[in-house]
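User: Can you walk me through how the chains in this one touch each other? Keep it quick, please.

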Amino acid sequence: MEWAPVIISLKTASVSILITFAIGTWLAYLVCRIRKDSVRSTIDAILTLPLVLPPTVAGFLLLYIFGSYRPLGELLGEIGVRIVFNWQATVIAAVVISFPLMYRSAKAAFVQVDPIFMQAARTIGLSERRIVFRILLPLAAPGLASGGILAFSRGLGEFGATALIAGNIPGVTRTMPLAIYSAVVGGRTEEAYRYVVILILVSFIFVWLLSFLTDRRTTRQRSGERTPRL
Amino acid sequence: MSISARIVKRFRGFALDVDFESESKALGILGASGSGKTLILKSIAGLVTPDEGRIAIGERVIYDSAAHVDVKPQRRGVGYFFQSYALFPHMTVQENIGIAVNPADDDDRSQSEIVSCLTERYQLAGLEHRYPANLSGGQQQRVALARIFASRPEAVLLDEPFSALDSYLRGNMQDELLRAMEDYQGQFILVTHSCDEAALICDTIITISGGKITSRGGVDKAFDVCGGCRALGKGSTRPSSEANDCFMRP
Amino acid sequence: MKRNHLLIIVFAFIIALASFAGCSSGGGEAATEEPAATEEPAATEEQAAPEEEAPAVSGAVMIAAAASLENAFEGDLKPLFNAQYPDVTVTGTYDSSGKLQEQIEGGLEADIFFSAALKQMDALVEGGFIDAAAVTDLLLNEVVLITSPQSETKVTSFDNITEAKSIAIGDPASVPAGQYAQEVLTTLGVWDKVESTASMGTNVTEVLNWVAEGSAEVGIVYATDAASMPDDVKVLAIASPETMQTPVVYPVAELIRVTEENKAATDAFVEFIKSPEAMSVFESYGFKPYEG
């Protein structure tokens with residue numbers, strides 16, 4: 001049993017979720033603060049786009065930007081940075097594909113926090129920064145957590161964009177989804193089956209764990225509270 | 001000290017246009033729902049920006065459209081009592097009060113000392129580690145008050161603090177508030193649609209209708225407008241308490 | 001109201017059925033005559049479409065062919081064939097020979113299999129899908145080393161391929177071009193090194209794209225693949241026959257499952273594929289005739 005794809009997938013998904021979570025949450029917060037409706041809707045649509053496009057389109061666009069013979073790719077190549085056909089590319093693919101899930105979940109989580117809490121916090125003198133970290137984020141936490149699970153699982157299962165920019169290099173960029181596909185196509189269905197089972201198990205563990213955590217917090221907060229819900 | 005406010009704001013089909021000044025300890029703004037009274041409060045607190053006007057607390061101008069002054073709510077020194085209390089549901093009583101405390105440089109008391117003093121003062125001893133969801137209505141109100149006072153505002157605005165309560169609780173709550181007001185040095189503005197409440201708690205009453213002030217004066221004047229309210233004079237039911245400022249060294 | 005809704009649904013259903021019926025049948029009468037000698041275009045003529053129309057052979061033929069044959073079939077061979085046999089509908093499905101073999105084993109209703117290697121054809125013969133006698137080794141393809149026109153690679157031939165920062169080949173497990181790559185590199189003694197760092201494409205088009213975009217510095221594909229993207233890739237070297245155990249042979253065969261009513265149409269197409277007219281088309285795409 002070749003464990004490399006499992007390790008690569010887990011490494012890729014773990015690193016990419018950290019990046020995705022930070023950027024997704026931060027951008028969701030910024031977008032929520034935009035006053036002008038038209039501007040907000042436009043930016044929101046752009047950030048949601050990778051969600052509805054096929055991953056191969058995202059991969060294609062990434063290549064268009066970072067490909068070795070494209071301006072940016074060449075520029076990066078000058079300073080010795082390569083982001084195609086290596087492990088970093090798998091992370092980039094996972095981040096781009098899973099980002100909209102995180103972003104939309106974070107936005108929804110922020111929106112459902114009653115603005116009255118932020119108002120109360122302002123009247124007792126809390127700075128905007130303290131409000132974000134001590135009021136907004138903790139109250140949005142369940143939504144952020146579920147966004148994180150979604151994004152992590154999506155990153156784990158990423159295939160189309162990864163194949164395009166990271167390649168299918170066994171032991172380097174061959175993630176579990178790529179390994180499954182190559183195995184099926186190469187007639188090694190037993191091998192594919194093993195990866196499929198692992199993938200399902202890992203995803204299930206994460207979904208269960210975070211579901212459990214968020215439910216406990218929700219029960220503690222929500223029972224009998226008097227603040228109005230939208 | 002006086003609070004002065006001139007506020008003009010277009011609002012839901014009519015325009016709010018008020019101009020008042022008050023030196024009383026407790027000013028009441030009396031009006032029906034939708035008359036714009038909550039909007040006045042929010043403008044003073046800085047949660048809403050008027051179209052035009054000027055608001056000052058004592059010498060400090062916190063809003064002036066002509067001079068482009070618009071102080072952030074955080075800096076206005078104005079506390080706001082929300083009708084639903086707005087206690088942070090993910091924090092304990094202690095944390096709710098504690099987060100509002102910002103020990104000034106000249107005080108030697110630590111944050112936890114201030115918090116325990118306030119907890120004592122508002123009869124919340126023993127409840128420090130409870131979450132708002134596990135408190136009674138009365139307890140929640142006291143926490144809300146304690147939190148406001150913990151931030152040491154110069155003025156406190158109260159938004160229909162008793163409207164949601166049944167009459168059984170209302171009496172107790174009003175006593176609580178009167179007690180708190182007695183201790184505190186600053187001024188209060190109370191918004192309500194209940195004549196009784198206004199009469200009980202306030203010295204001066206302004207009535208509002210359709211965004212405009214329709215009368216201002218003492219409690220007796222308000223009765224003319226309300227018609228048939230019970231005559232409750234100032235001070236007749238206010239309990240007294242020791243002046244125990246939690247923020248200064250004993 | 002309900003009655004009207006029902007009528008609309010029934011009407012739509014009838015229309016749907018009618019269009020399905022129209023699609024499947026190749027024509028009215030199935031005059032299945034033996035394809036006569038006059039159907040074969042004259043050997044000397046290079047032009048398309050002889051004047052006479054062949055007897056009304058009709059039917060629907062599905063050919064499962066290696067990806068490297070797609071352009072030749074869709075671009076030239078199908079139109080040429082249909083000029084002679086307008087009543088035969090040819091559908092082509094193109095993919096790596098390995099995938100096609102799997103699909104046929106899994107029940108794909110193909111009539112003709114045109115593989116890019118002997119392995120898959122042999123497998124289907126063994127599996128009882130194809131009669132060994134029906135197999136014709138028709139074409140020869142060459143294995144080439146390619147790179148992007150913009151690359152500044154130091155690689156000049158298969159010998160110093162390891163100087164490339166990144167390599168793309170077809171997955172030997174499923175792509176014949178990949179198997180050949182493995183053969184060539186093994187003979188040259190560099191296979192182990194390449195295997196550990198190369199990106200394994202699941203079909204040749206994937207490899208081509210990787211090289212064209214510069215994700216892979218060099219790649220190994222067929223001469224025909226390189227010819228299909230003349231502006232995007234350039235050939236660095238051609239694998240010499242000594243480095244390959246077996247030449248790259250493209251066999252074609254009719255499947256046993258071809259039904260009576262479809263036999264005439266299928267035979268006609270196979271004959272056409274083997275004709276000199278078709279061969280000149282193949283050559284224009286980079287293939288060579290197999291002389292073996």
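Analyst: What follows covers the chain contacts and then some salt bridges.

User: Ground rules before we start?

Analyst: This is a predicted model: local features need pLDDT of at least 70, side-chain atom pairs count only at pLDDT 80 or more, and totals for chains, interfaces and linings use all residues. Residues are numbered from 1 along each chain as its sequence is written, chains are lettered from A and ligands numbered from 1 in the order in which they are written, and side-chain values use heavy atoms, with hydrogens and water left out.

User: OK. How many residues are in the contact of chain C with chain A?

Analyst: Chain C gives 24 residues and chain A gives 21. Contact here is heavy atoms within 4.5 Å.

User: And how much area do chain C and chain A bury?

Analyst: About 1,800 Å², with 54% of it on carbon and sulfur atoms. Buried area is the accessible area (1.4 Å probe) that two parts lose on being put together, summed over both. On the side of chain C, C:Trp210, C:Glu213 and C:Ser215 supply 28% of the area buried against chain A, more than any other three residues.

User: How many polar contacts between chain C and chain A?

Analyst: 6 residue pairs, both partners at pLDDT 80 or more. A polar contact is a pair of N or O atoms within 3.5 Å; within protein, one must be able to donate a hydrogen and the other to accept it, and residues adjacent in sequence count only if both atoms are side-chain atoms.

User: Which element of chain C gives the most to that side?

Analyst: Helix 7 of chain C, with 5 residues. Helices (H or I, at least four residues) and strands (E, at least two) are DSSP runs, numbered from the N terminus.

User: Salt bridges across chain C and chain A: how many?

Analyst: The rule finds 2. It asks for a side-chain nitrogen of Lys or Arg within 4 Å of a carboxyl oxygen of Asp or Glu. One of them pairs C:Asp171 with A:Arg174, the closest N and O atoms being 3.5 Å apart. C:Asp171 lies in the loop between strand 6 (167-170) and helix 5 (176-187) of chain C, and A:Arg174 in the loop between helix 8 and helix 9 of chain A, so the pair joins two chains.

User: Are C:Asp171 and A:Arg174 buried or exposed?

Analyst: Both are buried. The cut-offs are under 20% relative accessible area for buried, over 50% for exposed, and partly exposed in between (1.4 Å probe, protein chains only).

User: Switching to chain A and chain B. How much area do they bury?

Analyst: About 2,300 Å², 64% of it on carbon and sulfur atoms. The rule finds 0 salt bridges there, and 3 residue pairs in polar contact, both at pLDDT 80 or more.

User: Which helices of chain A supply that side?

Analyst: Helix 6 (115-123), helix 7 (128-156) and helix 10 (189-222) each supply at least two residues.

User: Back to salt bridges. What does C:Arg257 pair with?

Analyst: C:Asp111, at 3.1 Å from N to O. C:Arg257 sits in the loop between strand 10 (248-254) and helix 9 (260-273) of chain C, and C:Asp111 in the loop between helix 3 and strand 3 (112-114), so the pair ties together parts that are 146 residues apart in sequence. C:Arg257 is partly exposed at 35%, while C:Asp111 is buried at 4%.

User: And A:Glu158, what does that meet?

Analyst: A:Arg154, in a salt bridge of 3.6 Å, N to O. A:Glu158 is buried at 2%; A:Arg154 is partly exposed at 27%.
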